[in-house]
Amino acid sequence: MTAVSHETYARVFGTVHGLLATGVLVVTASAPFLAVLLFTPVATTWPLLVLTAPVLGPAVAAAHAVGASIARDDGSPVLRGFCRAWRRHARRAAAVSGAATAALLVLAVDLRAAWGTPIGAVATPVLAVLVVLTAATALVALTGVVEQPDVPVRRLVRACLFLAVRRPHLTLVSLAALWVLAAAVAAAPVPALTLLTGPVLHVVGVSGRATLSPLRAGAERPDPRSAAAR
């Protein structure tokens with residue numbers, strides 16, 4: 001039986017510790033949203049839920065930055081890396097999460113209005129698909145905010161929508177991971193948020209980076225016109 005090296009143990013321990021610490025930081029940064037979600041009757045306080053939802057964007061983007069650092073095993077401190085990434089990407093990430101929240105709110109209102117009406121049989125499936133596309137695009141865009149910091153947000157969101165549809169298997173992995181987290185939080189909020197947030201967001205980040213690989217490859221490919229000029 002092959003012995004596992006000390007370096008392997010250290011790397012596994014460092015990865016687990018980094019993901020758990022990232023989860024705690026995400027929960028802390030998302031405290032306003034989670035407080036409304038977990039400790040108030042959402043049926044009556046949903047406007048507060050909508051108002052606080054954009055804080056999720058910067059926290060998730062920072063988690064993706066830390067996850068990429070952990071994957072590279074560059075030894076960067078998790079807390080410092082998270083805070084630095086939060087400051088750097090907060091504005092663009094909040095724009096993505098804010099726009100997604102607004103779109104989901106409009107779609108939810110439309111779904112409620114269409115439910116049980118004659119037109120609802122046609123409109124409900126279409127609106128449900130739009131909800132999934134909005135969520136998937138936002139997830140990939142929050143990874144793109146970190147991976148493509150120089151791309152304007154509108155252009156990035158359009159590219160992420162196209163890539164999320166083009167690579168549905170990766171999109172389904174991200175959505176399934178978040179579904180598992182949501183189900184676990186509904187059953188046991190504190191243990192689920194503490195233990196699963198970091199690993200789930202790491203899966204979402206890896207999936208998002210894989211989805212964005214054509215965009216990254218296009219950015220790294222040299223321009224033949226500039227090459228000819230040289």
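Helices are DSSP runs of H or I with at least four residues, numbered from the N terminus. In this predicted model, one such run is α6, which spans residues 120-147 and contains Thr-124. Thr-124 has a relative accessibility of 17% and therefore counts as buried, the limit for that class being under 20%. When residues up to four places away in sequence are not counted, Thr-124 touches Leu-111 and Trp-115.

The protein as a whole comprises 11 helices and zero strands. Read from the N terminus, the order of elements is accordingly α-α-α-α-α-α-α-α-α-α-α. The radius of gyration is 19 Å, which agrees with the value near 17 Å that a compact globule of 230 residues would have. Along the principal axes, the C-alpha atoms fill a box of roughly 60 × 55 × 40 Å. Of the 230 residues, 37% are buried. The accessible surface comes to about 13400 Å², and carbon and sulfur atoms account for 71% of that area. Among contacts with a sequence separation of 6 or more, 74% are made by residues 24 or more positions apart.

With neighbours within four places in sequence left aside, Thr-45 is in contact with Val-36 and Thr-40. Trp-46 also lies in helix α3. Its relative accessibility is 43%, so Trp-46 counts as partly exposed, a class that runs between the limits of 20% and 50%. The C-alpha atom of Trp-46 is 28 Å from that of Arg-158, and the two residues are 112 positions apart in sequence.

The patch has an area of about 380 Å² and is formed by Val-12, Val-16, Leu-20, Leu-195 and Leu-196. Two helices, α1 (6-29) and α9 (189-211), each contribute at least two of the patch residues. The largest share, three residues, is supplied by α1. Leu-196, a member of the patch, is found in helix α9. With a relative accessible area of 31%, Leu-196 is partly exposed. This value also meets the requirement for patch membership, because patches are made of residues with over 30% relative accessible area.

Notes
Residues numbered from 1 in each chain as written. Predicted model: local features only at pLDDT ≥ 70, side-chain atom pairs only at ≥ 80, totals over all residues. Heavy atoms only, no water. Patch = residues over 30% accessible without salt bridge, like charges linked within 9 Å, V, L, I, M, F, W, Y side chains within 5 Å. Areas by Shrake-Rupley, 256 points an atom, 1.4 Å probe, with all protein chains shown as cover. Salt bridge = Lys/Arg side-chain N within 4 Å of Asp/Glu carboxyl O. Buried < 20%, exposed > 50% of the residue type's maximum accessible area, 1.4 Å probe, protein only. Contact = heavy atoms within 4.5 Å. Rg over C-alpha atoms; globule rule 2.2 N^0.38 Å.
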